Amino acid sequence: MSVADTLTRVRYRYFPDHVVGEVLSKRWADNAIAFVALVVVVSVFAVVNGRMFSIAQLNDLAGQMSEYGLVAIGFSIVMISGGIDLSVGSVFALCTMMVLVAMNVWQQELWLAALETLCVGALCGAINGILIGYFRLRAFLTTLITLISFRSVYDIFIPDVGTRIVLGTPNSAIWEVLGSGSVGGLPYSVLVAAVFALAFHVVLSRTRPGWHLAAVGGSRRSAFNAGINVRSVVFSAYMTSGILCAVAAILYGAQLGSIGNDTGVGLEMLVLTAVVVGGVSLGGGRGSVAKALMGSVTVLVLNNGLQALSIQGSTASMILGFVLLGAVFVDVRWVKNKNKLLNSAYVSPAFLKLPACPETASDSGSPFAVNDALRDVEAIGLGRVEGPEDPLIDRDGNVYSGNRQGDIVRFLAPDFRTMEVYAHTGGSPLGMNFDREGNLVVCIGGMGLYMVTPQREVVKLTDETNRSKFSIIDDSRLRLADDLDIAHDGRIFFSEASYRYSAHDWPVDCLESRGNGRLICYDPRDKSTRTVLANLIFPNGMCCTQDKESLLFAESWACRVNRYWFDGPKRGKVEQVLALPGYPDNINRASDGNYWVALVGMRGPSLDLALTMPAFRKRMTRQVAPANWLFPNINTGCVVKFTDRGEVLGTYWDLGGLNHPMVTSVKEHKGYLYLGGVSNNRLGKWKVPGADPSWTGPDSYWGPRS
Amino acid sequence: MIAALRDRFDAFFGRGRFSTSVPVMDGPLQPNQLLEEAEVVVTRPALDNLASVDGAVLFSSGEDLFRLPRGAAAPAPIWRAPAPIPCVAVDGAGAMAIGVDGVGIDIRGGRHDGRQIRTFVSGPLVCPTAALFVDEDTLIVALGSAEFEAAEWKRDLMSRGRSGSVWRVDLAGGKAELVAGGLAFPYGVARAPGNDILISEAWEHRIVRLGSQPGPHVVLDGLPGYPARLIAASTGGYWLCVFAPRNQLVEFVLKERDFCGRMMADVPPNYWIAPALVSGASFKEPLQGGGVKQMGILKPWAPARSYGLVVELDRDVHPVRSWHSRADGKMHGVSSACEHGGRLIAGAKGPGYALDLGAVQGFVAELA
């Protein structure tokens, strides 16, 4: 390899381009915008008015955060559910009045006062929730009305109650501490608010109610169709908002000790600005506690900073209004373009230089020479099965295969006219094999490793493996489990072709050729799953060799078959066995002790050249529409028979491409070869010249039927 | 400076000048399969340069010139050239101008029988792509490229060649006058009203008019393919053959000079990411995402490197109807056509078929 090539290879192997796309695909990627806004605002004000960030001022800010932050969390919960709660200011005022009346006027214990306040908040929230969740009124108008109503109730009581609050003294020591005490420099109110924030973060991001909330906000109709109780989710969102306003009011009351006519006036606008600046989507379905808090800090710093600069209240409001306008603009454009940006940034090509392509011309005399050997293949299930990736034959001669509707179908011997659904698994059933007990073990793309018992019961064996330390995508999930084979002791070795692509866009992994696949071992004795080999280039077919110590596996885009020793003196070693003129798919045993491999596609010189130029492929994925991308040629395939020493015994093609233009897997049974292809609409059966007419796969693995 | 910034921005996102988008085939160019359904007149490998002479059809196949009289069963070879024939012109009075790739043009029959045009002022006639008899003594010659032969058209496209030229040759006096130079592979010549000529400029996918105004004047732009021969129609309009489609990936590759250079050096031309007269024969050809066969079917609207297209243009050089062979068809690479006995015959050079597209008079009824 030339120096330039080596440099390119090193640059693309060690520089993590794929991180950009993976970060963008994460839910917390949106927080970047809010974070940048926060940093900008803080730095501008630090420069303009450095005194703003002294300890005393920061304490003050922290105190304000504890109230605004909690109200912002409640507000964002309502917004995530697809609604809006304009009455938070009035509810806040009512709750502050309640807690101060309870502490100062009625001289109650803190716990009773807190309970009464929470009830007031819950009641207000429940009124909103019933009107909007159950009576299905419009959120904006309804909460506008409740804003006015609650504020009127407040205005009715304030003349009477206001002076009595100031004149009374509370009877509680904890109340004093809550208001003005601090621990380690942080006021207690901040700690209480932090506990609530953490709790709600966990609920929103990791519990079912939180997911239901985001589902209802994201798409109300789909959430309803999925069985979520939309009305009760919306009701509980408004009630939560009310309760959080109550908690904020308790902390506010403890700090301030009195209320006035304008308590809570304009709070809803401030909180709305904070939440939208933070990145909670106005349309619903997207948002988090972190976003609400970052937005609150940004807006509070902005507000305090403007006040410290002696800018008049109305001017400050105007400035905040412009900030809100800007935030809404960014939100709308981000929601619209995020997927486009993600799609164009996700594909991260790497450098791959393949060895010279073996000759395939029909007159070249090469073992891979093109011929018409598969011309007289018989069709099974023509037009009745779609996408049978891997045929499997049991001892009775029945032929099983997956299809793209997620079924495992079975054609009954001997004429294969009857087709029945053997089991419905979902996903994309790919590689299959029988184990010693006659269970059909299958790799299902998009789901994991599953098993169908002889009683047709579908059992999950494993769908996760150990997570690698530095991967951004959660690669403990199995995204595209492809083929499997079962060792003599029952251990199941299977390949995960790529953790970045799935069953419907797997050829795009060729444009990357990055080494996104791994070999995984599931041990049914202790039900453990462990990644055995990593960074493989689309590992695909797997086949245990006759010596019970090693297995052959294919690396599709690298056009080679390797041998991995999992037992014995050479344990852990990997050696290349065969270099091919195309992309190997499934590998299975042949009756004479050798192996069959299907080539799902053939190498082409233009793509081989493009694989050595990753920047070219990156620009292509950015500038050209996906339907026009250069693809591996998976329209043509063939079948190769080889020994475990790498000697090619024969290659079989369907030159006309009429019957089996592409082949992903072949299995031998009693002298015939059964062919399947993941883009075909049939299975094939072909008589192998000179094959043992009594050989079957299950007998070869497990011995004759007991 | 602003322009440079805007260029970088556009290049990053693939917009504006760096856009790879291709015009959609719509309106009069809405796809159909009429070329696939047409009746086959005759078939020879690399059938090209159709012309109608004295009630017989003339065409070239590689180095041979064939003549198929009306009602005859098989065509008869009438001449063999030392190299493949890239263009043929007839003047209707017995004279023929036959191009020889890499060599020049030979005149056979008529007043100037035996004349050989080998060089112009600019250099040898390496790539004669079209010729037109204005009258018995005047021949318009189009040279596609000054560097590559006509058989190497793909190399000229991928090198973004602009060395084509159009000449007016006075056969009596022997002088050749340059009408326009610096053209991107002129491939078709037809007479326009007045003393003007229409040229199809292939790599710029447009038709330009040369003559009264100084410099080429664009009359039809934004074609969804690379135009080949222009033939004057008896109805007053023109027939335009389009020999290959424009493809978003090819447009992208043309902008990537590095990749182009390496591809032209290392990869055989049949397997380039470039348009072709026929595709799908070998699995070594490049495949695009939309071209993957599902359930054994290739979608007709799949992105393709070859296509069959004949367009009828009216007097004002606007398309009025078209005949297509889509991505899953066979009749691709239509590079020539002629009117013979009141019917339109088109030659698909890719598979080597001459197709009967129907009677010519019938079209007049649709035009006002």
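# Reading a two-chain predicted model

Student: How many helices and strands does the secondary structure of chain A have?

Tutor: Helices (H or I, at least four residues) and strands (E, at least two) are DSSP runs, numbered from the N terminus. Chain A has 19 helices and 27 strands. Its C-alpha atoms fill a box of roughly 105 × 60 × 45 Å along the principal axes.

Student: What percentage of the residues in chain A are buried?

Tutor: Buried means under 20% relative accessible area, exposed over 50%, and partly exposed in between, with a 1.4 Å probe and protein chains only. Of the 706 residues in chain A, 57% are buried. A:Asn49, in the loop between helix 3 (31–48) and helix 4 (55–80) of chain A, is counted as buried because its relative accessible area is 9%.

Student: Leaving aside neighbours within four places in sequence, with which residues is A:Asn49 in contact?

Tutor: Contact means heavy atoms within 4.5 Å. With those neighbours set aside, A:Asn49 is in contact with A:Ala308 and A:Leu309. Over chain A, 62% of the contacts between residues at least 6 apart in sequence join residues at least 24 apart.

Student: Where is the place of A:Leu551?

Tutor: A:Leu551 belongs to strand 17 (residues 550–555) of chain A, and its relative accessible area of 0% makes it buried. Not counting residues up to four places away in sequence, A:Leu551 touches several residues, including A:Phe493, A:Met542, A:Tyr564 and A:Phe566. A:Phe493 is 58 residues from A:Leu551 in sequence, yet their C-alpha atoms are 8.8 Å apart.

Student: At what angle do helix 4 and helix 9 of chain A pack?

Tutor: Two packed helices are described by the angle between their axes and the distance between the axes. Axes are lines fitted to C-alpha atoms, for helices over the stretch in contact, and angles run from 0 to 180 degrees between N-to-C directions. Helix 4 and helix 9 (residues 188–206) of chain A pack at about 20°, with axes 8 Å apart. Therefore helix 4 of chain A is roughly parallel to helix 9 of chain A; angles under 35 degrees count as roughly parallel, over 145 as roughly antiparallel, 65 to 115 as roughly perpendicular and the rest as oblique. Among the residues making this contact are A:Leu70 and A:Ile73 of helix 4 of chain A and A:Phe196 and A:Phe200 of helix 9 of chain A. By class, the contact has 11 nonpolar, three polar and no charged residues. Here Ala, Val, Leu, Ile, Met, Phe, Trp, Tyr, Cys and Pro count as nonpolar, Asp, Glu, Lys and Arg as charged, and the others, Gly among them, as polar.

Student: At roughly what angle do the axes of helix 9 and helix 12 of chain A cross?

Tutor: Those axes come within 10 Å and cross at roughly 165°, so helix 9 of chain A is roughly antiparallel to helix 12 of chain A. In this contact, residues of helix 9 of chain A including A:Val192 and A:Phe196 meet residues of helix 12 of chain A including A:Leu244 and A:Val247. The classes are seven nonpolar, three polar and no charged residues.

Student: At roughly what angle do the axes of helix 8 and helix 12 of chain A cross?

Tutor: The axes of helix 8 (residues 173–180) and helix 12 (residues 230–256) of chain A come within 7 Å and cross at roughly 90°, so helix 8 of chain A is roughly perpendicular to helix 12 of chain A. Helix 8 of chain A contributes A:Trp175, A:Leu178 and A:Gly179 to the contact.

Student: Which residue of chain B has a positive phi although it is not a glycine?

Tutor: B:Phe185 does, with phi of about 60°. B:Phe185 lies in the loop between strand 15 (175–183) and strand 16 (186–191) of chain B and is buried at 2% relative accessible area. In chain A, A:Lys670 has a positive phi near 50°, and its relative accessibility of 38% makes it partly exposed.

Note on methods
Residues numbered from 1 in each chain as written. Chains lettered and ligands numbered in written order. Predicted model: local features only at pLDDT ≥ 70, side-chain atom pairs only at ≥ 80, totals over all residues. Heavy atoms only, no water.
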